[in-house]
Amino acid sequence: MAAKGYDYIIVGAGSAGCVLAGRLTEGGSKSVLLLEAGGSDNHPYIKVPLGLGKLHDHKMYDWGYDFEPEPNMGGREIEAMRGKVIGGSSSINVMAYVRGNRGDYDRWDRKGAKGWTYKEVLPYFRRMETFDGGEDTWRGGKGPLGVIVGRPPDPIWDDWLDAARAGGYQVSDDFNGKEQLGFSRSQYTIKDGRRCSAAVAFLHPARGRSNLTVETNAYATRVLMNGTRAVGIEYEQGGELKTAQTDGEVILAGGVFNSPQLLMLSGIGPAEHLKSHGIKTLVDLPVGQNLQDHLAVWIMWARPENTSPFRDLLRADRISTAFVRAYLTGKGPATVPPSGLAAFTRYNQELTAPEIQFLFRSAPSHPHMWFPGIKPAYQDMFGIRPVLLHPESKGEVLLRSANPHDRVRLIPRFFSAQSDIATLREGYKLGLDAVHQTALDKYRGTRVDPPEAKTDAQIEAWIKSKAITAHHPCATCPMGAEGDKAAVLDPELRVKGTQGLRVIDASSMPDLISGNINAAVLVIAEKGADILRGQRMAPAEAA
């Protein structure tokens, strides 16, 4: 069944796809088809910020990916959650808003992604957000994406800041502002008490435009190519094989695992690998060969008094009332995640960018509802989670077969570079030092995990047995310079050796930024939309 032609076909209504669809349909002159393999984002667990626990526990709206067994981590299969729903991972993530370090973008430019320096992306960060801390040189105040400073009502967060000061760390008001290093209150993509996903910010306001067509439960199977020019998409919907045509461009925004798969199924990828699956090579490129992700590990302590506000909130009658209130009014304790801090640090003081990010918990990993006499409450805990920000280890995404419904193989090669385990080990030590400051004495009960790990060898063995992904995979179709044989895209996000085909999503990143990646994905799409429209914002002058 042939469909009408479009100016742009976007595959994937995740973080990047929603931005692109919203921006490219502004003005009404260009027609856009947006295809999404998942369905609607209307579920209350998506809308209410505190619903994220249920989303994760029940693997809702998740593609269900797992990394293959990793020999360097005891053969463990580590889950690799990715959103399969309108809004993609921005509809199921923890809503953390972290831009990264200014040095990350300058490094991209030095590696060949010209036009992506911090001064060149900062205007796009500012354009897309409304920050509740106010507009200034670094922050925006008129954009569609709501960003708040999280202030959960738990005294532990103020005491954590006191512990940070005592430990010699900088404490700042805004890690997305002038300086990232140090401890700061968390920031979240929340607006009016509800999750502000990319769909809420960019796609839903555009849904009434006559030049935008959105098809859900539409599973892309290959890019239609005329020689090396992309001319459309083949996809399945409702048991029927369909095609959509374009005289303009096909934009892959399916994410770090799905965009490489679609390219390879369409004959664009490593020639020998495609040949092994009987796929004719149209363009020989290193698609899928630069997989990177943040590894992290939780260090947890019992919280002796069992009196944290979050534990009290999870009493069944209280959380039910709070959830309904949040869904109907956007107010109350269910409108903010319980974690109140983020921190960025380094142990090599000669570096300007952080090596380690700290995430925090004021509760155990899997808290549950409880009610007196029916189900007992859980043992209260708190924890700190060092995250390895710039791993040297690189994995790959490979086809399992030429069948588009066979999930790709995710080969992580975590800790294949010895420097990675050494850096995360030092992050663990920094975390222990921070926790043992006097300000946290009243919260710090028995250490739950790891109960014993003193020598470097013991610490490394424990890390390898417990580390999991922080869910920040990227860089499987990296942009770079024309002569860079590791690059799949040019700095304009065009697939090398093709016409009318771009990749604009997390796979476009040259490497990992210093923190959660969703904000970076959004800004790639913001700038990518302007590239497609032949526009450019002037670089920031005084940042």
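I started with pockets, so I needed the term first: a pocket is an open set of grid points with protein on both sides within 12 Å along at least five of seven lines, and its lining residues have an atom within 4 Å of a point. I kept in mind that this is a predicted model.

I looked up the second largest pocket and got a volume of about 550 Å³. I found 28 residues in its lining, and R107, P354, H390, P391 and E392 lie nearest the centre. Helix 4 (102-110) and helix 12 (418-435) are the elements that give two or more residues to this lining. Helix 4 supplies the largest share, five residues. By class, I noted ten nonpolar, eight polar and ten charged residues in the lining.

Strand entry. I moved on to strand 12 (residues 240-252), which runs antiparallel to strand 11 (residues 229-237) and is joined to it by six bridges. Across that pair, I saw E234 opposite T243 of strand 12. Their hairpin has two residues between the strands, and G238 there takes a positive phi near 60°. Strand 12 also pairs with strand 24 (residues 501-503), this time parallel, through three bridges. In that pairing L252 stands opposite V503.

Helix entry. Last, I checked the length of helix 14 (residues 518-532). Its 15 residues at 1.5 Å each should span 21 Å, and the end C-alpha atoms are 21 Å apart, so the two agree. I also checked cover: 15 of the 15 residues in helix 14 are buried. After helix 14 comes G534, with a positive phi near 70°.

How values were computed. Residues are numbered from 1 along each chain as its sequence is written. This is a predicted model: local features need pLDDT of at least 70, side-chain atom pairs count only at pLDDT 80 or more; totals for chains, interfaces and linings use all residues. Side-chain values use heavy atoms; hydrogens and water are left out. Helices (H or I, at least four residues) and strands (E, at least two) are DSSP runs, numbered from the N terminus. The expected span of a helix is 1.5 Å times one less than its number of residues. Buried means under 20% relative accessible area, exposed over 50%, partly exposed in between (1.4 Å probe, protein chains only). On a 1 Å grid over the protein atoms alone, a cavity is a set of points where a 1.4 Å probe fits but cannot get out, and a pocket is an open set with protein on both sides within 12 Å along at least five of seven lines; lining residues have an atom within 4 Å of a point. Grid points are joined across faces, edges and corners, and a volume is the space filled by probe spheres set on the points. Ala, Val, Leu, Ile, Met, Phe, Trp, Tyr, Cys and Pro count as nonpolar, Asp, Glu, Lys and Arg as charged, and the others, Gly among them, as polar. Two strands pair if DSSP finds at least two bridges between them.
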